[in-house]
Number of protein chains: 2
Amino acid sequence: MVTVEPTPSRLATKASWLISQTAVHSRRFVAEGFTAADARGYHYRLLAALEEFGPASQAELGRRSRMDRSDVVAAVTELEGQGFVERSADPTDRRRNTVTITRAGTQQLRRLDRVLDTVQDELLAPLSATERQTLVALLGKLIEHHGGVPTS
Amino acid sequence: MVTVEPTPSRLATKASWLISQTAVHSRRFVAEGFTAADARGYHYRLLAALEEFGPASQAELGRRSRMDRSDVVAAVTELEGQGFVERSADPTDRRRNTVTITRAGTQQLRRLDRVLDTVQDELLAPLSATERQTLVALLGKLIEHHGGVPTS
DNA sequence: CTCCATTCGTTGGTGCGGCCAACGATAGGG
DNA sequence: CCCTATCGTTGGCCGCACCAACGAATGGAG
């Protein structure tokens, strides 16, 4: 069956645009939920990395969560101010700061996790469960290919 | 069959992160190709809208290409400086500027189109033709749902 | 015909995410 | 011991998206 579509607006054929545009919507949703929790994307990424892989130096954190060292500085400072992480001097290497997630930080992480789950539902609303899985799988494949996820 | 995966790194389960991250890669590719052509994302969107729907006022252009009026001003000014569009006073409404794409502008659009096709291939490299179609379809569905594409 | 609300172009500013250059301090291998 | 690499930090830049406000112009209601 050939359905005549209303001209797919050339943009709609460009994956790069589709992805960027979807990211815009996603960011909007995330921003809404996160500002309510007084957090930003970087915060979640740092907290998640800390919980998954344990305390680490800031440089190491940057590698794990794919952030620039300088951005880690700012984010850690903010998280520290909120009491979600602690900076301590690394005794074995005085160049390093060991960053540790606090109890409150773990709680914040849980909070943000819930926010992201809500976002998930809003963002993927028009997709069936199967489609959602497919989308996540495809995107995962892409990211895996392009530099991959910090998995160790 | 149960394959033991290396712990999907909680981030990899968050669609919002997957999308944002994929967008980052996409943006990087696009930026590479576009800076070579001395263009930016906004430029493509404007040129594409102009070619598809014809000359329009800046406000109208903003609606078509989902940009803020103020950003349209800047982008049109740049495109005008490059000779890709022309600003002319609308005789029927002196508030409006009628923006028209030039011959050179159309050529630039073709150029950028080719760039985006190249980006497409790099970005979607790990996906089969079928998977690419699926991905595009799913993303299209999402965008359609959230505000949709400027199709008229 | 006179108001009033609306639209348009424009200016200027905000925020996030991502990046780069440079610095002083420290570590560590040749 | 020197040289290179790493670490934290500062300061800056870019792209994209968005908002507030302004004067100029429009158009409809009374």
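Trainee: What makes up the surface near DNA strand C, by class?
Mentor: By class, that surface has 4 nonpolar, 7 polar and 10 charged residues. Ala, Val, Leu, Ile, Met, Phe, Trp, Tyr, Cys and Pro count as nonpolar, Asp, Glu, Lys and Arg as charged, and the others, Gly among them, as polar. This is a predicted model, in which local features need pLDDT of at least 70, side-chain atom pairs count only at pLDDT 80 or more, and totals for chains, interfaces and linings use all residues. Residues are numbered from 1 along each chain as its sequence is written, while chains are lettered from A and ligands numbered from 1 in the order in which they are written.

Trainee: Which residues are the closest to DNA strand C?
Mentor: G41(A), R94(A), Q58(B), A59(B) and S70(B) are the closest of the 21 residues that surround DNA strand C. A residue is near a strand if its C-beta atom, placed from the backbone, lies within 6 Å of it.

Trainee: How many residues of chain B are in contact with chain A?
Mentor: 44 residues of chain B are in contact with 44 residues of chain A; contact needs C-beta atoms, placed from the backbone, within 7 Å. Helix 1 of chain B gives the most to that side, with 12 residues. Helices are DSSP runs of H or I, at least four residues, numbered from the N terminus.

Trainee: How do you know that the copies meet through the same surface?
Mentor: 100% of the interface residues of chain B are also interface residues in chain A, so the surface is the same.

Methods: Contact = placed C-beta atoms within 7 Å. Helix = DSSP H or I, 4+ residues; strand = E, 2+ residues; numbered from the N terminus.
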